[in-house]
Amino acid sequence: MSVLRPLDKLPGLNTATILLVGTEDALLQQLADAMLKEDCTSELKVHLAKSLPLPSNVNRPRIDLIVFVVNLHSKHSLRNVEESLHHVDATFFLGKVSFLATGAGRESHCSIHRNTVVKLARTYRSPLLFCDLEIGDFRATMAQRLVRMLQICAGHVPSVSALNLLSLLQSSENPSLEDL
Amino acid sequence: MRREPAGDVGRAKEMDETVSEFFRRTILKIPMTEMMTILKTWNFLSENQLQTINFRQRKDSLVQDLVLLCEENRASLKDAALLDIIYTQFHRHQKVWDVFQMSKGPGEDIDLFDMEQFKSSFKKILKRALKNVTVSFRDAEENAVWIRIAWGTQYRKPNQYKPSYVVYYSQTPYAFTSSSQLKSNLPLLGQALTIASKHHQIVKMDLRSRYLDSLKAIVFKQYNQTFETHNSTTPLQERSLGLDINMDSRIIHENKIEKERVQRVTQEIFGDYPQPRLEFAQYKLETKFKSDLNGGILAEREEPLRCLVKFSSPHLLEALKSLAPAGIADAPLSPLLTCIPNKGMNYFKIRDK
């Protein structure tokens, strides 16, 4: 019942809130720490959730960007994300949702094929990022990107909106048949 | 090769070549860092004698000197076997241990256990059956005895390099044996153990591991003791399994309640104490195919389907314990996984009911 909607709350002053959804708490925690280390003119808030729906009785700020984290080593994490997606309103997918796949570096441990997450991201018309969150340097770089994306989605970057960003990020290399 | 000290030709020949070689190979196995400790535990060579040896030389020359010293002191096969037991006690996880449980017949009286009688009876049974067998004993704490058996046949001398070890806790019906390569001797070993300890029956448990002390903890149910009581007053969040609760107020955990539930369930199942150490859990599945659809090729199959699932880890139970808190599995875990220490099994056969 409780579905996340992008515009059902007023924004906080100079505040940008990101919601990280994924089963492996330790990874999300590390990513959150890395993001908060970044120098940023906006006030950042990071919410970590194992799955959606979120508990309803809590007072939380407007969420500007949702990142669904899938660990390619774990089918459990993919299933969790797939089920959580049902609790997000369609209007969120206009640039305010992104997918993050981790674990691609260790090919032998992967039980989910790369194409599965590619298809998932394409179904939801949202960008897909790859990053091995366990590696400090990659994680720091990804944190930088996410902070920048978050600022745009929160409207803190003049003349760039979430929708602009989305169309810029859409991959033009392999256009699917429906897109043509 | 053996170096004969000049002028001592007569005495040096007293030790058998094979025994000398056995000494050499056994001492060679001992790591340099443990050499002194093990030799002192063995207590065959005195302090004074050990002081005559240069322990800083290269290992092969050191071993040669030690073997010579043993020869001069007329060390026998018995002494060598004892040294081998001590080495194995220090390196018990180099062997894989099986667990056997014995039982007395119904209505049999519980006799007072006599260690000396057990030892002589055990030795007698093996010698009667095989003629060529070396049996050595070393007492240990908790009324336990370590038994080393080198197997031979009616016509062949015992092979000292493939011995079996048995650790028998005399006040219990349990014995742990090192999985020997000579599997054919297992029934005889079981028989000797059963009769000598005045039991009626012996059964092999589905429990196997390198970590003898963990097997002991599981079988004697000693693993679930929390020693400190003052820790139990700290709130659950602070005792969480290694996942820091971040003090940064800009990070909010949405599913705190669920996290606490998972911690609670994990703690209820696994407890606060360190888990006994196992490396495997193996599940053999043998069931007939069941299908909702009528017909189909597999449904008509008479033979059951077979499947083997094996979990391995340097520390299986700790790994299972951390699965749910790490978000890799849902809590509670399958009872097939969590029942391992309780049931004292890590090899399971799952059949149709």
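This is a predicted model: local features need pLDDT of at least 70, side-chain atom pairs count only at pLDDT 80 or more; totals for chains, interfaces and linings use all residues.
In terms of residues, 21 from chain A and 17 from chain B take part in the contact.

Polar interactions can be followed across this boundary too. Nine residue pairs are in polar contact between chain B and chain A, with both partners at pLDDT 80 or more. The number of salt bridges between the two chains is three. Strand E7 (251–253) and helix H10 (256–270) of chain B each provide at least two residues of the side that touches chain A. E7(B) gives the most, with three residues. Sorted by class, that side of chain B holds seven charged, six nonpolar and four polar residues.

E7(B) also takes part in strand pairing with the partner chain. Strand E2 (residues 43–49) of chain A runs parallel to E7(B), and three bridges join the two. Within this pairing, B:Ile251 of E7(B) lies opposite A:Val46. Inside chain A, A:Val46 of E2(A) also stands opposite A:Ile18, and E2(A) pairs with E1(A) in the parallel sense over seven bridges.

How enclosed is strand E1 (residues 15–21) of chain A? Seven of its seven residues are buried, so the strand is largely enclosed by the rest of the structure. In a regular strand, side chains alternate between the two faces of the sheet. For E1(A), both faces are covered: A:Ala16, A:Ile18 and A:Leu20 are buried on one side, and A:Thr15, A:Thr17, A:Leu19 and A:Val21 are buried on the other.

A further residue worth a look is B:Gln101, in strand E1 (residues 97–103) of chain B. With a relative accessibility of 30%, B:Gln101 counts as partly exposed. Leaving aside residues up to four places away in sequence, B:Gln101 touches B:Pro173, B:Tyr174, B:Gln201, B:Ile202, B:Val203 and B:Met205. With B:Tyr174, the contact of B:Gln101 is polar, side chain to side chain, at 3.2 Å. B:Ile202 lies 101 residues from B:Gln101 along the chain, yet their C-alpha atoms are separated by 5.7 Å.

Notes
Residues are numbered from 1 along each chain as its sequence is written. Chains are lettered from A and ligands numbered from 1 in the order in which they are written. Side-chain values use heavy atoms; hydrogens and water are left out. Contact means heavy atoms within 4.5 Å. A salt bridge is a side-chain nitrogen of Lys or Arg within 4 Å of a carboxyl oxygen of Asp or Glu. A polar contact is a pair of N or O atoms within 3.5 Å; within protein, one must be able to donate a hydrogen and the other to accept it, and residues adjacent in sequence count only if both atoms are side-chain atoms. Helices (H or I, at least four residues) and strands (E, at least two) are DSSP runs, numbered from the N terminus. Ala, Val, Leu, Ile, Met, Phe, Trp, Tyr, Cys and Pro count as nonpolar, Asp, Glu, Lys and Arg as charged, and the others, Gly among them, as polar. Two strands pair if DSSP finds at least two bridges between them. Buried means under 20% relative accessible area, exposed over 50%, partly exposed in between (1.4 Å probe, protein chains only).
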